[in-house]
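Here's a quick briefing for anyone opening this structure for the first time. Take a look at it, then read on.

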Amino acid sequence: MSQVLVAYFSASGVTKKVAEKIAKAAEAEIYEIQPKVIYTTEDLDWKNKESRSSIEMADHGSRPEIVDIDAPVSDAEVVFLGFPIWWYIAPTIVNTFLEKYDFSGKKIVLFATSGGSGFGETVENLKKSVSVNTEIVEGKLLNGDPSQEEIAAWVKTVVTV
Ligand SMILES: Cc1cc2nc3c(=O)[nH]c(=O)nc-3n(C[C@H](O)[C@H](O)[C@H](O)COP(=O)(O)O)c2cc1C
């Protein structure tokens, strides 16, 4: 069995819930990507062009700081990486995470939750933050609070548990 890590960012708890189910199904370690400054409800207001999330996502080069604790990345061969879709892609804090660690030679399988949008150009966008020998695959959009069984069935298609 490959060494598996589940890493996720979740601003309001939806992605966290599916991340926990993936970790359970894969019997994997779980790591939360935590922002140095927590996102408030006002920060997450996508209708306000001046909100923190709107400003960050308008600049794909923004790199919101993360709490620097040691993510157990080096031991992992496969990393499930989850986040909410923000403005049709991954929040730029996910780029911060990818740039902070060395993912060379690893496979990153994305999962996300959203209000309905798909991954769009998420993969292309995240590839800019890893080396050429890191594989990033789209994985699955896990909307609608999927059951543990549904998640386990998907995880089995990615890694042997
Ligand atoms: C700033 C912001 C931008 C968003 N942009 C999108 C979007 O482009 N498409 C979409 O379907 N949902 C969008 N959403 C909704 C979130 O993707 C959705 O609520 C997600 O499940 C939240 O996950 P979380 O609780 O783990 O943060 C957006 C939410 C926020 C806060």
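**Starting from Val6**

Beyond its close neighbours within four places in sequence, Val6 makes contact with Ala19, Ile22, Ala23, Ala26, Ala28, Ile30 and Phe80. Keep in mind that this is a predicted model. Val6 also turns up in the largest nonpolar core, so let's go there next.

**The nonpolar core**

- The largest nonpolar core holds 41 residues, and Val6, Ala7 and Ile22 have the most contacts inside it.
- At least two residues of this core come from each of β1 (4–8), α1, β3 (78–84), α3 (92–100), β4 (107–113) and α5 (148–158).
- The top contributor is α1, which gives six residues to this core.
- As a bit of background, nonpolar side chains tend to be buried together in soluble globular proteins.

**Around the ligand**

- The ligand is surrounded by 20 residues, and the closest are Ser10, Ser12, Thr15, Pro84 and Gly115.
- Helix α1 (residues 14–26) supplies the largest share of this shell, with three residues.
- Sort the shell by type and you get nine nonpolar residues, 10 polar ones and one charged.

**A look at Leu141**

- Leu141 sits in strand β5, which covers residues 135–141.
- Setting aside residues up to four places away in sequence, Leu141 touches Ala112, Ser114, Gly118 and Phe119.
- Thr113 is 28 residues from Leu141 along the chain, yet their C-alpha atoms are 5.7 Å apart.

Note on methods
Residues numbered from 1 in each chain as written. Predicted model: local features only at pLDDT ≥ 70, side-chain atom pairs only at ≥ 80, totals over all residues. Helix = DSSP H or I, 4+ residues; strand = E, 2+ residues; numbered from the N terminus. Contact = placed C-beta atoms within 7 Å. Near = placed C-beta within 6 Å. Nonpolar A, V, L, I, M, F, W, Y, C, P; charged D, E, K, R; others polar. Core = buried A, V, L, I, M, F, W, Y, C linked by C-beta atoms within 7 Å. Buried ≥ 20, exposed ≤ 12 C-beta atoms within 10 Å, placed from the backbone.
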